[in-house]
Amino acid sequence: MITIKNHAQIAKMREAGALLHEVLEQIKRKIEPGITTKELDRYAEKLIRSHGAVPSFLNYEGYPASICASVDSQVVHGIPSSSTVLKEGQIISIDSGLILDGWQSDSAFTVGVGEISEQAQRLIDVTEESFFAALEVAREGYRVSDIGHAVQSYVEQRGFSTVRALCGHGIGREMHEDPSVPNYGQPGHGARLRSGMTICIEPMITAGGYDVKTLGDGWTVVTSDGSLCSHYEHAILITDGEPELLSLPGYHKEEKR
């Protein structure tokens, strides 16, 4: 069931989103060659709890960490480890969520570790750009599939692929609510977007094909062909005009042009 949030609930989700944004910005500044993904996870949990929030990923369906740290061909759900030492030239996506006063936020970014190749940086850029392309149709009156079509069109025109086995989602009191928000498909299908809906749009874009597989740990999803993957996500509020980015406070459309 899709829930429409009222003004008080949206205000709570803004607070959760603003806190998560600050946590992820601080994590981003710590990413460098030589650090382990477990160190990043410990840092994230400490930051989240220091502000009176709870890391929503930790123990979610048995997941053992507060962040997902996915390196190179890992798409999502990479489990932080003391044995995973980041190296110059890699790319890493950090996905995390938190609960503040009962309300959730969820966001992800991908960055390079030190100096990275031009192709890897282009993949990261196109992934982020596809999210903002999707915002053009993330408003009242459009349908969920319009978002996926916008992402797919943008990335495929630039020679990349969008993962089809995973998708975005509604968010609120629960991390995953209705509706599912795929990153591909034909426009004009699925639930109609309504003002007050809160959803996460999260393109997962590969430099090769879109097929993925899950590793033996039961969590880590990787590209089947070993190609690089980039991930970008924000929780947003649907309005009758421009959507509001709950996990990117202060965003202005003009800054992305």
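Analyst: Happy to! This is a predicted model, so local features need pLDDT of at least 70, side-chain atom pairs count only at pLDDT 80 or more, and totals for chains, interfaces and linings use all residues. Residues are numbered from 1 along each chain as its sequence is written, and side-chain values use heavy atoms, leaving out hydrogens and water.

First, the setting. The chain has 4 helices and 15 strands; these are DSSP runs numbered from the N terminus, helices being H or I of at least four residues and strands E of at least two. The C-alpha atoms fill a box of roughly 45 × 45 × 35 Å along the principal axes. Buried residues make up 52% of the 257, where buried means under 20% relative accessible area, exposed over 50% and partly exposed in between, with a 1.4 Å probe and protein chains only. Of the contacts with a separation of 6 or more, 70% join residues 24 or more positions apart; contact means heavy atoms within 4.5 Å.

Now the part itself: an open sheet of 3 strands in the order 6-10-13, paired antiparallel. Strand 6 and strand 13 (229-231) are at the edges with a single partner strand each, so one side of each has no neighbour in the sheet. Strands 6 and 10 pair over 2 bridges, and two strands count as paired if DSSP finds at least two bridges between them. Ser161 has Thr206 of strand 10 as its bridge partner. Helix 3 packs on this sheet, touching strand 10 and strand 13, and its direction makes about 35° with that of strand 13 (axes are lines fitted to C-alpha atoms, for helices over the stretch in contact, and angles run from 0 to 180 degrees between N-to-C directions).

Thr127 gives a residue-level view of helix 3. With 0% relative accessibility, Thr127 counts as buried. It touches Pro203, Ile205, Ser230, His231 and Tyr232, leaving aside residues up to four places away in sequence. The Thr127 side chain also reaches the backbone oxygen of Leu123 at 2.8 Å; a polar contact is a pair of N or O atoms within 3.5 Å, where within protein one must be able to donate a hydrogen and the other to accept it, and residues adjacent in sequence count only if both atoms are side-chain atoms.

Helix 4 belongs in this picture as well. The 13 residues of helix 4 (144-156) should span 18 Å at 1.5 Å a residue, and the end C-alpha atoms are 19 Å apart, which agrees; the expected span is 1.5 Å times one less than the number of residues.
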